[in-house]
Amino acid sequence: MTDKTPKLRPVLDSVPSYKPGRPAAADGPAAYKLSSNENPYPPLPGVMERAIAAAAEFNRYPDLTCAGLLAELSDRFDVPISHLATGTGSVGIAQQLVQSTSGPGDEVIFAWRSFEAYPIVTQIAGATPVPVPLTEDEGHDLEAMAAAITDRTRLIFVCNPNNPTGTVVRRAELEAFLDRVPSDILVVLDEAYREFIRDEDVPDGIDLYRDRPNVCVLRTFSKAYGLAGLRVGFAVAHDPVAAALRKTAVPFGVTQISQEAAIASLRSEEALAERVAALVEERTRVVEGLVGQGWTVPESHANFVWLRMGERTADFAAACERGGVIVRPFAPDGVRITIGETEANTLFLKAAEEFRKQL
Ligand SMILES: Cc1ncc(COP(=O)(O)O)c(C=O)c1O
């Protein structure tokens, strides 16, 4: 045995690790997990049957091209198949997009705080993260993001709605921003929570991508569609970008079970709409409850709410856990609470009320 270890890229020393939302411990006080923006509903009608049928053949590799799913997506969103790419969750695609555009010396701009994978995937590629602070009202500061562009910028993430604050960028503001970004810089509109938006002034990224070759839209089956455990997301982008995604994909990354489940989910539109509507209703109840208790809550357009707790972040998360729900602390900024089962949301509101009384 030698004492030498394999030479790893030094950049990995500074890559933060992804912290998943904690699950509820079997023997702990909390029964509900509101820490990962998951969907509390079981799979949509028809999904289990199709997934189980696919499972019977998992001695075979999946369809590398995801042909059935791409055909379905192409029809649904009226985009050519060549403009679509699938990946192991949209986070997998985000990583491929950075790999495809950026390396050492290049810069990737994103709002901060936003999705915690952005700095990670940027640093893994050896590129430099350029986090741009959110505005006072917890939204993207597109003015500052445009001002942060340099000749080293290769990619800009716009998370709409933003995780973890739930805020949105509206049409006029986003179009004006896109008009300012040089056309050789890729803008990724991450719309993981798109289905929960009720504000008609928030643009659909797929409308914006059509005449903008430097725009790529990310969507996922993990949130509204409830397939987080199956890891399937997709991107809509013009040919050179979509082709780069096909090249950088891990071969056979999206399993056949995932492909079939995604197809069945797309065909279960009515049940999806009902579930999303119920979650949006619960979101309103939670926000109104919190505001009634005296909290300041940014308007949420996603399946979670955000409380800027500052130094009380960890204490608040611990109080929620004692009250029966695991939430997601992002110290030292605040706490994100997923909208879950009705009972979980009620337990959360009670815990928040108790905590408030003791301030
Ligand atoms: C903004 C945003 N983008 C992408 C993802 C990744 O989702 P998935 O990889 O499950 O598709 C998440 C998940 O939390 C997210 O919040």
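**Notes on the pockets and cores**

1. Starting with the second largest pocket: its lining residues split into eleven nonpolar, ten polar and two charged. Here Ala, Val, Leu, Ile, Met, Phe, Trp, Tyr, Cys and Pro count as nonpolar, Asp, Glu, Lys and Arg as charged, and the others, Gly among them, as polar. Strand β2 (84-87), α3 and α8 (239-248) each give two or more residues to this lining.

2. A word on the source: this is a predicted model, where local features need pLDDT of at least 70 and side-chain atom pairs 80 or more, while totals for chains, interfaces and linings use all residues. Numbering runs from 1 along each chain as its sequence is written, and side-chain values use heavy atoms, with hydrogens and water left out.

3. The largest pocket has 25 lining residues, with Tyr-18, Ser-36, Phe-115, Tyr-193 and Lys-223 nearest its centre. (A pocket is an open set of points on a 1 Å grid over the protein atoms alone, where a 1.4 Å probe fits, with protein on both sides within 12 Å along at least five of seven lines; lining residues have an atom within 4 Å of a point.) That lining divides into nine nonpolar, eight polar and eight charged.

4. On to the largest nonpolar core: it has 85 residues, and Phe-177, Phe-221, Leu-290, Phe-316 and Phe-348 have the most contacts inside it. (Such a core is a set of buried Ala, Val, Leu, Ile, Met, Phe, Trp, Tyr and Cys residues joined through side-chain atoms within 4.5 Å; buried means under 20% relative accessible area with a 1.4 Å probe, protein chains only.) Another core, of 24 residues, lies apart from it and includes Ile-93 and Phe-110.

Note on methods: Buried < 20%, exposed > 50% of the residue type's maximum accessible area, 1.4 Å probe, protein only. Helix = DSSP H or I, 4+ residues; strand = E, 2+ residues; numbered from the N terminus.
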